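The following dialogue examines how terms are applied to a structural model. Each answer sets a value against a definition.

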Amino acid sequence: MSIRLSDIAKHYGRAGRALEPVNLEVAEGELVGLLGPSGSGKTTLLRIIAGLERPDRDPAGRILFGDRDVTDVHVRDRRIGFVFQHYALFRHMTVFDNVAFGLTVLPRRERPSSGEIRARVYRLLEMVQLERFAERYPAQLSGGQQQRVSLARALALRPEVLLLDEPFGALDAKVRQELRRWLRQLHDELGFTSLFVTHDQEEALELSDRVAVMSHGRIEQIDTPDALYHAPANRFVFEFLGDVNHLEGEVRDGVLTCGAARLRTSLPEGRERLLLRPHEVRLAETPSPEAHLPATVTAVSPVGAEVRVELAADWMAEPWLATLRHADYERLGLTRGQRLFAVPRRWHRFTADGRPQPAAPARAAAA
Ligand SMILES: Nc1ncnc2c1ncn2[C@@H]1O[C@H](COP(=O)(O)OP(=O)(O)OP(=O)(O)O)[C@@H](O)[C@H]1O
């Protein structure tokens, strides 16, 4: 079931606009993440799609599920599955009864036979590998297991649309990772359309076919994770996804100066703000002819595929982060307190109103 929103906006009384008029299309079978800082309107958008919240009447926005206009359809008739962080299970019911609940309260003519309900519930519990726990109560399960029950319960009515609001928010990192895999697997196997809210970049990028990046009630960009990272629509998206280092200064006679930092450049004269990803910063014991960016190592984290190095200097408004290969880290013998030089491999620029300008390799594109 596809989802199509046109001109969906939301005011909360005089508190201002929670959602600017939003247009969004989610294809049938797609898994889309809504990602953005706190207060950007993610939950509001999800609740409007669910039918838990009404959109503004002006503009008169519409919500379509496939060809069906559900704008004025009650939440219970939208045939949606929900998983919310705080959408607790019924504590006095067993796991089995929790998952079966939605089926047992269907009107008689729609309700499957008790044998059928049993088969369906066990099939779902098998999918989330909890069939052994069918007779337990929620309090006897871990947080991650409880969320798997929530997932099974949401899927019991075979919804064509599944909406999830920070579904794994309250769980620790390892369990979150595991549940992401569950969700992706169930999504692919059962072929429903999913929309989920998260403020966790990694979760959104890893799980989603496409991610909608939101800020101030607007969708800044909706794209594949790869496109968002490599072709951000504006400065907000660039800065929101991944770490960014800033070099801001005055360009004169082909040199950008910022305190003790100097970078040769062919940029036009005037104020410039360059943005660099951590992997675009090389570290060296001596400055290059093109770049003189002295810095001190303040922290080193060698855990993972790359080594993360934090740098400080008077000319930096905020500490820089550089990522190095382990071989380079060992060659430089990096330790905290060490003084060295940052050498940009390339950098990015945006116009005053935030549009991207072509990324440029630094003049001394040293390896
Ligand atoms: N019931 C409400 N009454 C008044 N203002 C509200 C209400 N619900 C949300 N808002 C406001 O609407 C804006 C968007 O809120 P929303 O909860 O959609 O953001 P969010 O992106 O989901 O944030 P978070 O990640 O913190 O949950 C915020 O400024 C919020 O304060």
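Q: What makes helix H4 roughly parallel to helix H5?
A: In this predicted model, helix H4 (residues 143–155) and helix H5 (residues 173–190) pack at an angle of about 15°, with their axes 10 Å apart. Angles run from 0 to 180 degrees between N-to-C directions, and axes are lines fitted to C-alpha atoms, for helices over the stretch in contact. Angles under 35 degrees count as roughly parallel, and therefore H4 is roughly parallel to H5.

Q: Which residues of H4 and H5 meet?
A: Two residues are in contact if their C-beta atoms, placed from the backbone, lie within 7 Å. From H4, the residues include Gln 147, Arg 148 and Leu 151; from H5, they include Glu 178, Trp 182 and Leu 186.

Q: What classes of residue make up the contact of H4 with H5?
A: The contact has eight nonpolar, three polar and two charged residues. Ala, Val, Leu, Ile, Met, Phe, Trp, Tyr, Cys and Pro count as nonpolar, Asp, Glu, Lys and Arg as charged, and the others, Gly among them, as polar.

Q: How many residues does each domain bring to the contact between domain 1 and domain 2?
A: The chain is divided into domain 1 (3–240) and domain 2 (245–361), with bounds from an automatic or database domain assignment. Domain 1 supplies five residues and domain 2 six residues.

Q: What share of the chain is buried?
A: Of the 367 residues, 33% are buried, that is, 20 or more other C-beta atoms lie within 10 Å of their own.

Residues are numbered from 1 along each chain as its sequence is written. Local features need pLDDT of at least 70, side-chain atom pairs count only at pLDDT 80 or more, and totals for chains, interfaces and linings use all residues.

How values were computed: Helix = DSSP H or I, 4+ residues; strand = E, 2+ residues; numbered from the N terminus. Parallel < 35°, antiparallel > 145°, perpendicular 65-115°, else oblique. Buried ≥ 20, exposed ≤ 12 C-beta atoms within 10 Å, placed from the backbone.
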